[in-house]
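Please have a look at the model first.

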Amino acid sequence: MDINQFVMDFAECFDDTDASEFSSNLRFKELEEWSSLSGLGIIAMCKKKFGVKITGAEIMESDTIQDVYDLVMEKRG
Amino acid sequence: MASFIKAISYILPDTIVTNQDLVGEFPEWSVDKIAKKVGVVSRHVVAEGQCASDLAEQAARKLFFENDIDKNCIDFVLLCTQSPDYFLPTTACLLQDRLGLGTHCGALDFNLGCSGFVYGMALAKGLIESDAARNVLLVTAETYSKHMHNRDKGNRTIFGDAAAATLVSTSGFAEIGSFDLGTDGSGCNNLIVKSGAMRHQNRFDDIAFDKSGNPVSSDHLYMNGSEIFNFTLETVPDLVENVLRKNRLGKESIDLYVFHQANKYMLDCLFDLMEIEEEKAFVYMSEVGNTVSSTIPIALCEAKKEQRLSGNVLIAGFGVGYSWGGCVLTCK
């Protein structure tokens, strides 16, 4: 799994923000669309696509999509 | 002896809180958008002074009236609530008297949330099949609005008050199959009202507001949404698998899934994760919200009205505790 695919999966968790705005360096919590529900979408995506459990606290500690990707890769082992 | 659901009725308190009302109170928040995602348009809340017993009594009377049930047949009352009238006696004892049920009735409360209806059915089935009772009145009555802080826009969007009354008997329209039940008390702090009972009798008065402006308080309902969400994604697929195995059924034999109606977003994630087709997934919450232990009986009641209760119906409840349970109903 490369980061580009992960960015696309990440973008699919959002309804209103255009996919072209997403990149690995995006500070996703600064998106206007960001809410706690977006966080749940990311948790569900990581569980479904990678079988990895990440927590809301871990998402809150992450700044960029790259941070979440690194976390998922680390947990996946 | 087999056990069946004979009838279900439910009631909602009169006061309605619409999304428009919430936008009025929280103009800084895109409540309309979020409410659209969680699938709730309006919810009902009790008036001040209206308690779980009042809702329970109304629901039971409606059950008797709508289904032409002679109340004298009731020989056991099971009442599920986490907002009882008193520490003691139990609300079930109050209900026995207020409904004018015979003193031969057994009656007890049990304290569960979103898994409560399934547990109640398991208890009722146990009572019937051990010959301790023949007609069990199972009432779920919850008033979470009393536990919530009035600035808690997140929980106020999701939760609604309600009561449902179910008659479990030796005959009926849905035979109650085998159960799978589970508990993980290590999740207790993720959905909790900390003060008011014996551990912390006095208020903490420790209210703080998180980044999104939601109050976090030990004196009110606290829910860690993402932890609960993770618990659900971890637990429910296994629960469903276990229920299927215990009932010796394959996934293809299930005609309808009626899960605890936590919120539409979570249900959609679960259905997606478990690859459950949309037409087999029943959702009923837009006008009632998450009514805790009453979501499953309310959904069953509505599915019955829509003539969608036939064949094998898998019900599953999960939440506060953590506690979870499921079973299969074989409907005529």
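This is a predicted model: local features need pLDDT of at least 70, side-chain atom pairs count only at pLDDT 80 or more; totals for chains, interfaces and linings use all residues.

Which strands of chain B does helix α9 (residues 295-305) lie across? Helix α9 of chain B lies across β1, β6, β7, β13 and β14 (311-319) of chain B, and it runs at about 100 degrees to β1(B). Lying across rests on residue contacts, that is, C-beta atoms, placed from the backbone, within 7 Å, while angles run from 0 to 180 degrees between N-to-C directions, with axes fitted to C-alpha atoms, for helices over the stretch in contact. Helices (H or I, at least four residues) and strands (E, at least two) are DSSP runs, numbered from the N terminus.

Residues are numbered from 1 along each chain as its sequence is written, and chains are lettered from A and ligands numbered from 1 in the order in which they are written.

Now the sheet: chain B has an open sheet of 9 strands in the order β5-β4-β6-β7-β1-β8-β15-β14-β13, with mixed pairing, where two strands pair if DSSP finds at least two bridges between them. Strands β5 (106-110) and β13 (254-259) of chain B stand at the edges with a single partner strand each, so one side of each has no neighbour in the sheet. The twist averages 25 degrees from one strand to the next. Within this chain, β1 (residues 4-11) and β7 (residues 162-169) of chain B pair in the antiparallel sense over 7 bridges, and B:Phe4 has B:Ser169 in β7(B) as its bridge partner.

Terms used. Two residues are in contact if their C-beta atoms, placed from the backbone, lie within 7 Å.
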